[in-house]
Amino acid sequence: MPRPQRSEQFDPGEVCIVHVVQRCVRRAFLAGVDRDSGKDYSFRKEWIRRRMEALASVFAVDVLSYAVMSNHMHQILRNRPDVCCQWTDQEVAIRWLRVFPGRRLEEHLAEPTENDVQALVRDKERLAEIRRRLADISWFMRALAEPIARMANKQDDCTGRFWEGRFKCQRIVDEAGLLACSMYVDLNPVRAAMAEFPEQTPHTSVYDRAKARQGAKLASAAFDLQPTPTDEAGRKIRDTPVDEIRQERKQKQRNPTGRMIRRDGWLSPLTLSTDKLSDEPEVHTGGLRSSDKGFLNMSWKDYWELLCWTARQSAEKLNPRVPASLRKTLQTLGIDLSMWRDLVWNWQRYFGNSVCVGRPESIKQHAAKTGHHHHRGQAAVRSCFAPG
């Protein structure tokens, strides 16, 4: 059966949450220790994380969870056309020009100027298309994958593919599926035996959140959303040697805004606000992410406790009894307590070939909405959930 069309999985004009997997070509360890040459490319994981952080500051896409592995990466993304609609035309233009500056970057190594922004604002048809693209997960992934591939190829002095192909995508259709998927993503390094505990897994969202609560900060990779005055840009191009401009630009890329932020400041908050309406955009105005909306009806304390308990449930140390303090959360979501550990640790068995992630009845509803009788994998997950 061929992969479903992107239009059946998510719509840039509709808020939706998806689990995205992008693999390196031939599943080679291009972001880890190469098994053939012995070279260590683990530093590329930080390339990917920083690029993800930078894009989160300009796209109308929330990064809910992520894990960068040695030969692939996982992300849970939520597109936010409702947030994008709140941005002014000028905001849309500068955000786009920061990511896709066009030939001007090669010709003058210049920043987007006020004239560049105004020229794009005047082209209403083009601007409407750009507004749609800024809320499109496919464009987010394109802006993430292509620069990483170019950087790696330049470093290795080679050409060809870095990524296997187009990313795999699964629509998450309810909160039960979202909780299970988020745990699966955060525990990927633990499942791969790269670490024993979640707090030992850099380049994952749970590591960032845990360290942030200990006061950890980092140099922000967020784009500077202020255009350069046209006169100033002209003077710099006329009076400054190209090598000096290139060096200044390289230094600014390390920390475009000069800010230090909480380690998880660019990620979507974990907990949904109880005092906000479900359809409220909660637009973020700090320049780090698109919105301040959470994604789970549980506190960080409960999430961390459940995550750590699940991480300890290896095949050798299996304790099928879920702690009493965590049972209510899982039961409310309709998850079979005895199957929780198996659902997270053996994710591929239940959702590996599925188009959707969630309870069987939620998957069935999504299938009907997209004109299908059922989705692949719908029957496999039935044993993990209590009857609806």
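Residues are numbered from 1 along each chain as its sequence is written, and side-chain values use heavy atoms, with hydrogens and water left out. As the model is predicted, local features need pLDDT of at least 70 and side-chain atom pairs count only at pLDDT 80 or more, while totals for chains, interfaces and linings use all residues.

Me: How many salt bridges does a search of the whole structure find?
Reply: A salt bridge is a side-chain nitrogen of Lys or Arg within 4 Å of a carboxyl oxygen of Asp or Glu. One of them joins Arg-132 and Asp-136, at 3.7 Å from N to O. The search of the whole structure gives 23.

Me: Which parts of the chain does the pair Arg-78 and Asp-62 tie together?
Reply: The two side chains meet in a salt bridge, 2.9 Å from N to O. Strands (E, at least two residues) and helices (H or I, at least four) are DSSP runs, numbered from the N terminus. Arg-78 lies in S3 (residues 72-79) and Asp-62 in S2 (residues 61-68), so the pair ties together parts 16 residues apart in sequence: strands S3 and S2.

Me: Is Asp-62 buried or exposed?
Reply: Buried means under 20% relative accessible area, exposed over 50%, and partly exposed in between (1.4 Å probe, protein chains only). Asp-62 has 2%, so Asp-62 counts as buried.

Me: Which residues are linked with Asp-62 in a network of salt bridges?
Reply: Asp-62 pairs with Arg-78 in a salt bridge. The network holds Asp-62 together with Arg-78, Arg-80 and Asp-82.

Me: What is the relative accessibility of Lys-276, the salt-bridge partner of Glu-280?
Reply: The closest N and O atoms of Glu-280 and Lys-276 are 3.9 Å apart. Glu-280 counts as partly exposed, at 28% relative accessibility. Lys-276 also counts as partly exposed, and its value is 37%.

Me: Which side chain of opposite charge is nearest to Lys-45?
Reply: Lys-45 sits in helix H2 (residues 44-56). Lys and Arg count as positive and Asp and Glu as negative; His and the chain ends are not counted. Lys-45 is buried yet has no salt bridge, and 7.4 Å away is the nearest side chain of opposite charge, Asp-40.

Me: What is the phi of His-203, a residue in contact with Lys-45?
Reply: Contact means heavy atoms within 4.5 Å. His-203 lies in the loop between helix H10 (188-191) and H11, and is buried with a relative accessible area of 15%. Most residues other than glycine have a negative phi. His-203 has a positive one, near 65 degrees.

Me: Is Asp-157 buried or exposed?
Reply: Asp-157 is placed in the loop between helix H8 (137-156) and S4. Its phi is positive, near 55 degrees. At 73% relative accessibility, Asp-157 counts as exposed.

Me: What covers the buried residues of H11?
Reply: Helix H11 (residues 205-212) has seven of its eight residues buried. Among them are Tyr-207, Asp-208 and Arg-209. The cover includes H2, S2, H9, strand S6 (260-262) and helix H14 (300-311).

Me: How far apart are the C-alpha atoms of Trp-266 and Trp-345?
Reply: Trp-266 lies in the loop between S6 and H14 and counts as buried at 1% relative accessibility. Residues that Trp-266 touches include Arg-49, Tyr-66 and Asp-208. Trp-345 is 79 residues from Trp-266 along the chain, and the C-alpha separation is 28 Å.

Me: Which element gives the most to the lining of the second largest pocket?
Reply: On a 1 Å grid over the protein atoms alone, a pocket is an open set of points where a 1.4 Å probe fits, with protein on both sides within 12 Å along at least five of seven lines; lining residues have an atom within 4 Å of a point. The volume, the space filled by probe spheres set on points joined across faces, edges and corners, is about 520 Å³. Of the 27 lining residues, those closest to the centre include Arg-78 and Lys-293. The top contributor, with three residues, is H18.

Terms used. Lists of a residue's contacts leave out its neighbours within four places in sequence.
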